[in-house]
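Hi,

Here is the model I promised to pass on. Have a look at it first, and then read on for what turned up when I went through it.

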Amino acid sequence: MSALVARTGRHQQRYEGGHRLIAGCIPFKYTNLVENSDGTHEKVVEVLMINSTSGPGLVFPKGGWENDETVVEAAIREAVEEAGVRGDIMHFLGHYFFKSKTLQDELSPEGLCKAAMFPLLVKEELQFWPEQNTRQRSWLTIPEAIGLCRHQWMKEALEAFSRWYADHMLSNPKKENHGSET
């Protein structure tokens, strides 16, 4: 077993226009099929949320995008470090702006952040991961996740995920095995 270690520090963080650049993802998987009243079957999608280390509520894995990686690599790294999952990035959901009380520094004194968010189709849940001692995973339906989301910007990203999923994954299930559409 090789030890996974979370990156720490901000000396390699990317900034743009006074915003710290963040990469994150909405990990998702399929659970048991549900039988509809007409006898057809439907997959149920669940999203993975983790507890916040800075207060109550649940969040999606996200963190600083560093100079030596692409935004997609950063989102995948954060999923492994914070949530202990690996998978495939499927699509770019958009940029979400927020202000962080805990991410204030000399390059972003007001704590302004710009997060790039992606759906991540989970292929593997790790037994051991870097932040397992401070993070707990929760698999939730989309309505449950919207109700438990700590931050408004994450609710907006989850709503974008829900629309993307309905438009692209439900109408074309073969896309499930394809990689990034970014």
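Before the details, one definition: helices and strands here are DSSP runs numbered from the N terminus, where a helix (H or I) needs at least four residues and a strand (E) at least two. With that in place, Met90 sits in the loop between β6 and β7. Do keep in mind that this is a predicted model.

**Overall layout**

The protein has nine strands and three helices. Going along the sequence, the order is β-β-β-β-β-α-β-β-β-β-α-α. Of the 182 residues, 45% are buried. The exposed surface comes to about 9,500 Å², with 49% of that supplied by carbon and sulfur atoms. If you take the contacts between residues at least 6 apart in sequence, 71% of them join residues at least 24 apart.

What kind of pair do the rings of Phe92 and Phe118 make? The centres are 5.5 Å apart and the planes stand at 55°, so this one is tilted. The two partners have their own accessibilities: Phe118 is buried at a relative accessible area of 1%, whereas Phe92 has 31% and counts as partly exposed.

Helix α3 covers residues 152–169, which is 18 residues. From first C-alpha to last it reaches 25 Å, close to the 26 Å expected at 1.5 Å a residue. Its buried residues are Trp153, Met154, Ala157, Leu158, Ala160, Phe161, Trp164, Tyr165 and Met169. On the face of α3 turned away from the buried side you will find the exposed residues Arg163 and Asp167.

The structure holds ten aromatic pairs. One of them is Phe28 with Tyr165, an edge-to-face pair with 6.3 Å from centre to centre and 75° between the planes. This pair links distant parts of the chain, as Phe28 is in strand β2 (residues 19–35) and Tyr165 is in helix α3, 137 residues apart. Phe28 and Tyr165 are both buried. Ring pairs also tie Phe28 and Tyr165 into a cluster with Tyr30, Phe161 and Trp164.

Another ring worth a click is Trp139: Lys29 lies over its face, 4.3 Å from the ring centre.

Lys114 is in strand β8. Is Lys114 buried or exposed? With a relative accessibility of 16%, Lys114 counts as buried, as the cut-off is under 20%. Setting aside neighbours within four places in sequence, Lys114 is in contact with Glu16, His19, Arg20, Leu21, Ile22, His95, Tyr96 and Phe97.

Phe98 belongs to strand β7, and with a relative accessible area of 14% Phe98 is buried. Not counting residues up to four places away, Phe98 touches Ile22, Lys62, Gly111, Leu112, Cys113, Ala115 and Trp153. Phe98 and His19 are 79 residues apart in sequence, with their C-alpha atoms 9.2 Å apart in space.

**Helix α1**

Helix α1 runs over residues 71–83 and has 13 residues. Its reach from first C-alpha to last is 18 Å, close to the expected 18 Å. How many residues of α1 are buried? Eleven of the 13, so the helix is mostly covered. Among them are Arg77, Glu78, Glu81 and Glu82, along with Val71, Val72 and Val80. Just after α1 comes Gly84, with a positive phi of about 65°.

Cheers

Key. Residues are numbered from 1 along each chain as its sequence is written. This is a predicted model: local features need pLDDT of at least 70, side-chain atom pairs count only at pLDDT 80 or more; totals for chains, interfaces and linings use all residues. Side-chain values use heavy atoms; hydrogens and water are left out. The expected span of a helix is 1.5 Å times one less than its number of residues. Buried means under 20% relative accessible area, exposed over 50%, partly exposed in between (1.4 Å probe, protein chains only). Rings of Phe, Tyr and Trp (its six-membered ring) pair if their centres lie within 6.5 Å; planes under 30 degrees apart count as stacked, over 60 as edge-to-face and the rest as tilted. A charge sits over a ring if NZ of Lys or CZ of Arg is within 6 Å of the ring centre and within 35 degrees of the ring normal. Contact means heavy atoms within 4.5 Å. Accessible areas come from the Shrake-Rupley method with a 1.4 Å probe; for residues, only the protein chains shown count as cover.
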